[in-house]
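This briefing goes through one structure by topic. Please keep the sequence and the coordinates at hand while reading.

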Amino acid sequence: MLATSRNFEANARAGLADDNLQRALGLARTGFPLRRRLATERLPEFEELREEGRAIKDHTLAHLDFYLELYESNVVASGGKVHWAPTPQEACAAVRQICRSVGAKTVTKGKSMVAEEVGLNEFLEANGITPIETDLGEYIIQLRHEPPSHIIAPAIHLVKEQVAETFRAEHHALDPARSLSEPRQMCDEARAMLRPRFLAADVGITGANFLVAETGSSIIVTNEGNGDLTQTLPRVHIVMTSIEKVVPTLEDAATLLRLLARSATGQEFSSYTTISTGPRRPGDLDGPEQYHVILLDNGRSALLGTEFRDMLRCIRCAACLNHCPVYAAVGGHAYGWVYPGPMGAVLTPSLIGIEEAGHLPNASTFCGRCESVCPVKIPLPKMMRHWRDREFAKRLNPPVYRSALSLWAWTARRPALYHAVAELAARTLGWAGRYRGRFRSLPLANGWTAVRDMPAPEGRSFHSLWAERRK
Amino acid sequence: MSEARERILGGIRNALGRGQLDPNTQAQLRARLAAHSRNLIPARATALDDARSVDLFIAMAEEVQATVARVGAFSAVPDEVARYVAAENLPAELVAALDPNLDVIPWEMRPLLRIRRGRAEAEDKVSLTPCHSAIAETGTLMLVSGRETPTTLNFLPDTHIVLVCRCQIVATYEDGFDRLRAERGTGRLPRAINFITGPSRTADIEQRIELGAHGPRRLHIVLVEEDRVTASVEKSQQHKGAER
């Protein structure tokens, strides 16, 4: 996928002005947090489980080579094959080779963010293979030729009228006069359109929420059942996943599963959690004849040795997106690549470079909600700060910004001077704003005053008031 | 491909600042794996006696729009299935798993129920399967694939009817894994383990929950109080033993 993260500011402005997007986000920003809160309140152990989830992931990452080798040997023992892919190109090439070996024309796909990351759909199309997204949200955006705007609800940026419009434009064979006013009708229509595709596909590609080292299994979590039809009906099942998804045991997976659905959708458990181990067994009446796993690295192994290692704990639940005031205002497309929201603000610079994605770790108010809801306690704001440090060290910010920041830093490191300047500014502004109590415009602050008034200070700096009280 | 493998594993070791793990650490990790020790288990399900486990299972399953019918004995299953398909206005034609547990049911009592045994095909409307375990914690059914339990039965038909024997209800997912290991040893898992919690659903359009996105629209659980699976479970274990 071509990144447009460089254009975050313009993307965000467009998002703010998009009425449909704002209506759609309005539904999301209340729904998700409420449902998560209710689910976590019902489970008194939730906070302890978060700590355990963090520990399981940390333990696995510290021994990642061991668990990946064990995982591979168990996949092979159950009749499957692991394809190691250091880069997106190698991941795509592995999929092409498997598809060609069985003469595949169409491929059904369950939702996979790793497949988005490597640009699998575009690659398959360019190679004469038709990918068909089967998750309802993914199906809708595939018809619209849009990228996902959310990692678990890819079409969350749309209102139902837009979906209806897309279905009318794309489902030519159906009665143009049919009613499509309710989500129910659209679900039924998509179900009817996709059912024959499931049955006809040569290859099914899913992602994986977890890989289990002790058994060589992949786990997918879905609500629709599309992932299961995708991996059960075709002759070949390809699991498109990445190296940090592995956990040691089924028991470890169970703990993370207790965190995942509650953090993501606020469900106690998703409708379908499926543990797949190898291809069909002798005498089985269904299931794929071949089982392949593509293990993508794409820069993840290098992160292990950096201050961004904690990011590899991420289980892709989207709680951080769902609780982020910036995401809720601008939507996922503004972030300009596969992973939006706070997790994207940390992961995207890691995967495509801070030069391209420098805006993302800056698009945060550091309110800290993301970290407070993260099921594996990833310190997201801290890591965004690390990216800001690196951005500054690499001299990527504009010169004016850099000079202002340097000046501020110089002042802040001299407490006496800083207090004097702060006191002077507070007194001056307090005096100038003494009648109206606010400013309509201020020199150097028109970024603020262009859209709202600046409240006038009371006239004294905090430090001087504090010093006075302590006397 | 092995070059790619070495690049990734080498990259990991490099980033972790070490070579291959020393034998001592490897032995510790193997011991951790073999122990199958559980992490924190929520008290919600484990603190319950048998009867309250059953109640919790039913309450949690119904909360996610599964329907549950309790019957006293396997001999009452044909009546319940016939009642359910009639009430839901479904055809009296079922595709059922080959599992011998279903053989103990006197289907001849309801001659109008037509039952085909095998995997599900596109035109099948109603399926009937046994389950491996039922998890009280979240009202979740645990089904495993095998020659007698094809996976398509769980996903293709519009309506999925699942027989649960009261003795199959356990507290947690971990209990389900333990039961599986007790039957099969520590060897390979079945090809598919399906945890099913309510019927298929989606909220992808304006976050409105709609049932029956791609999988079954209806999930009906027939809970049998009588303990009759023992004999046939032993029989199926012999099968699986032969497979290994």
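Two strands count as paired if DSSP finds at least two bridges between them. The model is predicted. In it, β2 (residues 106-109) of chain A and β4 (residues 203-206) of chain A meet this condition with 3 bridges, in the parallel sense, and Val107(A) has Val203(A) as its bridge partner in β4(A).

**The parallel sheet of chain A**

- An open sheet of 6 strands in chain A runs in the order β1-β10-β7-β4-β2-β3, with parallel pairing.
- Its edge strands are β1 (81-85) and β3 (130-133) of chain A, each of which pairs on one side only.
- On average, and ignoring direction, neighbouring strands of the sheet are turned by 25° against each other.
- β4(A) is also joined to β7 (residues 236-242) of chain A, by 4 bridges and again in parallel; in this pairing Thr206(A) stands opposite Val239(A).
- In a regular strand, side chains alternate between the two faces of the sheet.
- In β4(A), Val203(A) and Ile205(A) point one way, while Gly204(A) and Thr206(A) point the other way.
- Which of these four residues of β4(A) are buried? All are buried, whichever way they point.

**Helices α9 and α10 of chain A**

- Two packed helices are described by the angle between their axes and the distance between the axes.
- For α9 (residues 160-170) and α10 (residues 183-200) of chain A, the angle is about 35° and the axes are 10 Å apart.
- The crossing of α9(A) and α10(A) is left-handed.
- On the α9(A) side the contact is made by Lys160(A), Val163(A), Ala164(A) and Phe167(A), and on the α10(A) side by Pro183(A), Met186(A) and Glu189(A).
- These contact residues divide into 5 nonpolar and 2 charged, with no polar ones.

**Pro340 of chain A**

- Pro340(A) lies in the loop between α15 (325-330) and α16 (341-352) of chain A.
- Leaving aside neighbours within four places in sequence, Pro340(A) is in contact with Ser149(A), His150(A), Leu321(A), Tyr327(A), Gly332(A) and Tyr335(A).
- One of these, Ser149(A), is 191 residues from Pro340(A) in sequence, yet their C-alpha atoms are 7.2 Å apart in space.

**The contact between chains A and B**

- Chain A gives 75 residues to the contact and chain B gives 61.
- Of the chain A side, α10(A) supplies the largest share, at 7 residues.
- The residues on the chain A side divide into 31 nonpolar, 25 polar and 19 charged.
- Strand pairing also crosses between the chains: β9 (residues 272-276) of chain A and β9 (residues 192-196) of chain B run antiparallel and are joined by 5 bridges.
- Within this pairing, Tyr272(A) stands opposite Ile196(B).

**Chain B as a whole**

- Chain B has 8 helices and 12 strands.
- Its C-alpha trace spans about 70 × 45 × 35 Å along the principal axes.
- Of the 244 residues in chain B, 45% are buried.
- Among contacts in chain B with a separation of 6 or more, 75% come from residues 24 or more positions apart.

**Helix α5 of chain B**

- The buried residues of α5 (residues 77-87) of chain B are Val77(B), Pro78(B), Val81(B) and Val85(B).
- Why do they count as lying on the same side of α5(B)? They cover an arc of only 100° around the axis, which puts them there.
- An α-helix has 3.6 residues a turn, so residues three or four places apart point the same way.
- The other side of α5(B) has Arg83(B), Ala86(B) and Ala87(B), which are exposed.
- Asn89(B) follows α5(B) and has a positive phi, near 65°.

Conventions. Residues are numbered from 1 along each chain as its sequence is written. Chains are lettered from A and ligands numbered from 1 in the order in which they are written. This is a predicted model: local features need pLDDT of at least 70, side-chain atom pairs count only at pLDDT 80 or more; totals for chains, interfaces and linings use all residues. Axes are lines fitted to C-alpha atoms, for helices over the stretch in contact, and angles run from 0 to 180 degrees between N-to-C directions. Helices (H or I, at least four residues) and strands (E, at least two) are DSSP runs, numbered from the N terminus. A crossing is left-handed if the near helix is turned anticlockwise from the far one by less than a right angle, and right-handed if clockwise. Two residues are in contact if their C-beta atoms, placed from the backbone, lie within 7 Å. Ala, Val, Leu, Ile, Met, Phe, Trp, Tyr, Cys and Pro count as nonpolar, Asp, Glu, Lys and Arg as charged, and the others, Gly among them, as polar. A residue is buried if 20 or more other C-beta atoms lie within 10 Å of its own, exposed if 12 or fewer, and partly exposed in between; C-beta atoms are placed from the backbone. The arc is that of the directions from the helix axis to the C-beta atoms.
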